[in-house]
Amino acid sequence: QVQLVESGGGLVQAGGSLRLSCAASRSIFSINSMGWYRQAPGKQRGLVATISSGGTTNYSDSVKGRFTISRDNAKNTVYLQMNSLEPEDTAVYYCNARTYTWAIQYDYWGQGTQVTVSS
């Protein structure tokens, strides 16, 4: 198991930047995939970005070119650098850790951090 704690959310004006951090309770070196998801009011939780244990990244179309995901295995931390923020980015952002054991997928979630972008 792994516990995840997000931080770095807040209120920012459109065009601004924020960096989210996700600290894991144990080494993330062997975790297959770490990622960020978000959920806006009245909407389903959706993918923002993921990064594999090998460093391969994947982004939703809506954030490509604006957001960057990275991981620091030495600090057991994953980051999401968010630039050129838009009001549509307003949501609760959740950190995710995904592992596979005997082909069974396990998902672990943080408690979420609120990001609010004002116009």
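This is a predicted model: local features need pLDDT of at least 70, side-chain atom pairs count only at pLDDT 80 or more; totals for chains, interfaces and linings use all residues.
Residues are numbered from 1 along each chain as its sequence is written, and side-chain values use heavy atoms, with hydrogens and water left out.

**Around Asp-89**
- You'll find Asp-89 in the loop between strand E8 (77-82) and strand E9 (91-101); strands are DSSP runs of at least two residues, numbered from the N terminus.
- Asp-89 touches Arg-38, Arg-66, Phe-67, Ser-84, Val-115 and Val-117, if you skip residues up to four places away in sequence (contact means heavy atoms within 4.5 Å).

**Salt bridges**
- Side chains of opposite charge can pair when their charged atoms come close.
- The count is five salt bridges, each one a side-chain nitrogen of Lys or Arg within 4 Å of a carboxyl oxygen of Asp or Glu.
- Arg-66 bridges to Asp-89, with the closest N and O atoms 2.8 Å apart.
- Arg-66 lies in the loop between strand E6 (57-59) and E7, and Asp-89 in the loop between E8 and E9, so this pair ties together parts 23 residues apart in sequence.
- Arg-66 is buried too, at 12% relative accessible area.
- Arg-38, Arg-66, Glu-86 and Asp-89 link up in a network of salt bridges.
- Asp-61 meets Lys-64 in a salt bridge (3.3 Å, N to O), and Asp-61 is exposed at 68%.

**Rings**
- There is one aromatic pair, meaning Phe, Tyr or Trp rings (the six-membered one for Trp) with centres within 6.5 Å; planes under 30 degrees apart are stacked, over 60 edge-to-face and the rest tilted.
- Tyr-37 and Trp-109 make that pair, edge-to-face at 5.1 Å centre to centre and 75° between the planes.
- The charged end of Arg-45 sits over the ring of Trp-109, 4.6 Å from its centre (CZ of Arg or NZ of Lys must be within 6 Å of the ring centre and within 35 degrees of the ring normal).
- Arg-45's charged end also sits over the ring of Tyr-94, 3.7 Å from its centre.

**The core**
- The largest nonpolar core has 30 residues, and Trp-36, Leu-80 and Tyr-93 are among those with the most contacts inside it (such a core is a set of buried Ala, Val, Leu, Ile, Met, Phe, Trp, Tyr and Cys residues joined through side-chain atoms within 4.5 Å).

Methods: Helices (H or I, at least four residues) and strands (E, at least two) are DSSP runs, numbered from the N terminus. Buried means under 20% relative accessible area, exposed over 50%, partly exposed in between (1.4 Å probe, protein chains only).
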